[in-house]
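Please read them with the sequence and the model open.

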Amino acid sequence: FEPEEIVHGKFMEFDGKAYGFSPMESSVSVLTTLALIKDLNGNFFSNGGVPDWIFILPKEMAGSPNVKKLEQVLREKKNSRHKGGNLIFTGEVTPVPLNKFDKDMEFRLLAIYYTGILALAFNMPLSRLSAILGSEVSAGAGATDNSETGYWRAISSAQDYWEDLLNTQLFEPEFG
């Protein structure tokens, strides 16, 4: 494309220059962490909601026929798309729980915090956040009215910007 064939728009401007990062680009690490939190919980339940186990065989030697048979059975019963797994130890070993899943939403506060960061990056008002996050976020009635007004004003301003941009750089020149 030639420069005159491209619609030129800026997301944010500071001191007359385009600001280099959009809210989405600056939130990549937050989004990645939220995706990993969802994946951790999702993978646990897609694995049948069963944690990984350590099998301790104190009277067996590593590589014995019994150990090899147990390894074979576990491999056959385990779905290959699951990333977790079981361990087998021989000898005297103290058991250690693996991937213990005994909390409702393991990283709940981190997920709430990161959701708040995303909402603030997109100028979402606090009144909208409380509906998403529940009792973790609250605001007074006055703050709700002010933040709602600012939120809708920002949306209206963005709509006006894109309307003017597309009309002046695309619809009027190309379609009259």
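**Notes on the model**

1. Of the contacts in the protein between residues at least 6 apart in sequence, 62% join residues at least 24 apart. Please keep in mind that this is a predicted model.

2. The protein contains six helices and four strands. Their order along the sequence is β-β-α-α-β-α-β-α-α-α.

3. Of the 176 residues in the protein, 15% are buried. The protein exposes about 13,400 Å², and 58% of this area is supplied by carbon and sulfur atoms.

4. The largest nonpolar core has six residues: Val30, Leu34, Ile37, Ala111, Tyr114 and Leu118. Helix 2 (28–46) and helix 4 (108–121) are the elements that give two or more residues to this core.

5. Tyr114 belongs to that core. Leaving aside residues up to four places away in sequence, Tyr114 touches Val30, Thr33 and Leu34.

6. On the surface, a nonpolar patch is formed by Phe11, Met12, Phe14, Tyr19 and Phe21. Together these residues have about 530 Å² of accessible area.

7. Is Phe14 buried, partly exposed or exposed? Phe14 counts as partly exposed because its relative accessibility is 46%, and the partly exposed class lies between under 20% for buried and over 50% for exposed.

Methods:
Residues numbered from 1 in each chain as written. Predicted model: local features only at pLDDT ≥ 70, side-chain atom pairs only at ≥ 80, totals over all residues. Heavy atoms only, no water. Patch = residues over 30% accessible without salt bridge, like charges linked within 9 Å, V, L, I, M, F, W, Y side chains within 5 Å. Areas by Shrake-Rupley, 256 points an atom, 1.4 Å probe, with all protein chains shown as cover. Salt bridge = Lys/Arg side-chain N within 4 Å of Asp/Glu carboxyl O. Buried < 20%, exposed > 50% of the residue type's maximum accessible area, 1.4 Å probe, protein only. Core = buried A, V, L, I, M, F, W, Y, C linked by side-chain atoms within 4.5 Å. Contact = heavy atoms within 4.5 Å.
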